[in-house]
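Please keep the sequence and the model in view while reading.

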Amino acid sequence: MYNNKKILLISILLTCCILQTSAQSSAKTKLKPKHNYAFVLYAGMGPSYYVSPINTQPIGLQTDIKRTSLYKTIRVMWHPNYRLRVGLETGYTNFYSYTLINGGKEGKVQLTSIPVLIMLSIKITKRVNLFAGFGSYFLTTNLNYNGAVKSHASSLGSNIAVNYVQPITKKIGVAFEGKLVNAFQTKDNMFTAQMHLVWRFLEY
């Protein structure tokens with residue numbers, strides 16, 4: 001509980017810093033006759049690790065817990081001609097899974113997540129960016145044991161990420177990103193390291 005509150009507090013402080021820095025930057029920047037706005041797509045994946053405790057109730061069943069999975073991300077950001085950017089992010093990941101054996105019968109429990117987040121981003125240097133996201137994580141629990149049972153839930157949550165972008169062409173680049181995921185209502189936390197394709201698909 002303490003860790004979830006701490007992560008949420010860091011997310012809020014980061015967002016405040018982003019807004020304050022952007023406001024200061026905009027106040028100091030003179031209006032230019034030429035604007036260069038763009039929509040930028042980030043799409044990629046990478047390994048992830050679930051860091052929260054896992055409750056494998058009922059007690060006494062043999063379990064084989066898997067905390068690692070592949071985290072997939074799609075993010076679209078609007079880049080104006082100042083530091084603050086806004087956008088949307090979604091994706092897919094398996095938070096965790098475990099197998100259980102009871103009376104010679106084997107079953108499997110799996111928790112998957114689809115995030116839908118509003119993202120804020122600020123450019124720190126020419127190639128380094130900070131991200132903070134707020135929204136919902138749509139969770140699905142799959143139980144395969146003497147049949148298949150599926151249940152759905154949602155959780156408010158956030159994420160914090162930093163990336164480094166290596167340009168390839170004027171419109172295409174590759175980004176390396178580290179991200180902390182926090183579905184704080186259900187106390188699900190995960191860290192992921194990803195590689196993204198970065199594409200400035202619309203400029204005006």
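1. Among contacts in the protein chain between residues at least 6 apart in sequence, what percentage join residues at least 24 apart? The share is 63%, where a contact means heavy atoms within 4.5 Å.

2. This is a predicted model, in which local features need pLDDT of at least 70, side-chain atom pairs count only at pLDDT 80 or more, and totals for chains, interfaces and linings use all residues. Residues are numbered from 1 along each chain as its sequence is written, and side-chain values use heavy atoms, with hydrogens and water left out.

3. Read from the N terminus, the order of elements is α-β-β-β-β-β-β-β-β-β.

4. Of the 204 residues in the protein chain, 39% are buried. Buried means under 20% relative accessible area, exposed over 50%, and partly exposed in between (1.4 Å probe, protein chains only).

5. The largest nonpolar core contains 25 residues, and Phe95, Tyr96 and Tyr137 touch the most other members. Such a core is a set of buried Ala, Val, Leu, Ile, Met, Phe, Trp, Tyr and Cys residues joined through side-chain atoms within 4.5 Å. In soluble globular proteins, nonpolar side chains tend to be buried together. Beyond four places in sequence, the residues that Phe95 touches include Tyr50, Leu111, Leu139, Val181 and Met190.

6. Asp64, in strand β2 (residues 62–66), is exposed, with a relative accessible area of 53%. Leaving aside neighbours within four places in sequence, Asp64 is in contact with Ser97, Tyr98 and Thr99. The C-alpha atoms of Asp64 and Ser97 are separated by 8.3 Å, although these residues stand 33 residues apart along the chain. Asn159, in strand β7, counts as buried at 1% relative accessibility. The side chain of Asn159 makes a polar contact with the side chain of Glu89 (3.1 Å). A polar contact is a pair of N or O atoms within 3.5 Å; within protein, one must be able to donate a hydrogen and the other to accept it, and residues adjacent in sequence count only if both atoms are side-chain atoms.

Key
Helices (H or I, at least four residues) and strands (E, at least two) are DSSP runs, numbered from the N terminus.
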